[in-house]
Amino acid sequence: MAKVQIVTDSISNLSQEEIEKYNIKIVHLNVLVDGVSYSDKDVSKETFLDLLNNAKELPKTSQPSLGHFLEVYDSFEEGTEIVSLHVASALSGTSSAAQQAGDMSKNSVTVIDTTFADRGQAFQVIEAAKLAQNGASVDEIVSYCEKVKDNTTLYLCVMSLDNLVKGGRVSKAKGLLSNLLNIKVIFEFKDGILTPLQKGRGVKSIEKFLHDIALPKIKEKVQKECSISFVSTTKLIDDTIEKIKEMTQIQDMHFGFTIPTVAIHTGEGAFALMHYHD
């Protein structure tokens, strides 16, 4: 029996090494900057901040087309079973497009809404791919991904709410924190929902949250994976990475730039701390 094939979207922020090692197919999202459309694979993660800061208007993102998904699904041999794992449906219509394409495909496609983004999404994708390579069934993969999802934590730290509000990811109408958008906010992202946990006008408020809550939570259980994705590097991020390295025994943690489709909404200085345990 042929192995299950794994598909995901580019918001999972997988490295090229991971894509090749685990034989994962990537469907790319697009970014629209001042009227010019780019596939996010053609925009450097390391240099995107310059493009973002120089844009006349806040760039927009768009999900892959139904046709693109169908092309990927049908590229496999007829009769192939596919598990397709995607960014939280609360953030993007990507999983909906995947489901529609899956219903049209010549192959059997099971779509999973990971309810996360970036490396929080990648945790499920990589575990699914490992299981697939070891001959696991679709049901076994889906069941294990649910376990990973339940044991995943994602904190998002933003230096300004401007981009989240402009992009519609956070509503000013909620009276979220105040009408002052230049405050620094820490959210927890769980089940596709951004919940504000702490706010402040200086970096010290974020340092306190990391010291009192986030890092102790990592230390209290043996973690399977831990990651930080950022829009731009800062001393706070560098210091946090060093502390995580000191307190965990994980050999290959992922610390690096987030992808353009995420950077657009979170803005300069933002970073996400993500981890999961058994």
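**Loop residues and a helix pair**

Reply: At 12% relative accessibility, T115 counts as buried, because the cut-off for burial is under 20%. The model is a predicted one. T115 is found in the loop between β7 and α5, the latter spanning residues 118–133. Although T115 is not a glycine, its phi is positive, at about 65°.

D191 also has a positive phi, here about 55°, and is likewise not a glycine. This residue sits in the loop that links β9 (184–190) with β10 (193–200). With a relative accessibility of 53%, D191 counts as exposed.

A further loop residue is S105, placed between α4 (94–104) and β7 (108–113). S105 is buried, its relative accessible area being 12%. Its side chain makes a polar contact of 2.7 Å with the side chain of D74. Apart from neighbours within four places in sequence, S105 is in contact with L70, Y73 and D74.

Turning to the helices, α8 (residues 203–220) packs against α9 (residues 235–247) at an angle of about 15°, and their axes are 11 Å apart. The two helices are therefore roughly parallel, and their crossing is right-handed. On the α8 side the contact is made by V203, I206, E207, L210, L215, I218 and K219, which meet L236, T240, K243, I244 and M247 of α9. Sorted by class, this contact has 8 nonpolar, 1 polar and 3 charged residues.

Methods:
Residues numbered from 1 in each chain as written. Predicted model: local features only at pLDDT ≥ 70, side-chain atom pairs only at ≥ 80, totals over all residues. Heavy atoms only, no water. Axes fitted to C-alpha atoms, helices over the stretch in contact; angles between N-to-C directions. Helix = DSSP H or I, 4+ residues; strand = E, 2+ residues; numbered from the N terminus. Parallel < 35°, antiparallel > 145°, perpendicular 65-115°, else oblique. Left-handed = near helix turned anticlockwise from the far one by under 90°. Contact = heavy atoms within 4.5 Å. Nonpolar A, V, L, I, M, F, W, Y, C, P; charged D, E, K, R; others polar. Buried < 20%, exposed > 50% of the residue type's maximum accessible area, 1.4 Å probe, protein only. Polar contact = N/O pair within 3.5 Å; in protein donor to acceptor, adjacent residues only side chain to side chain.
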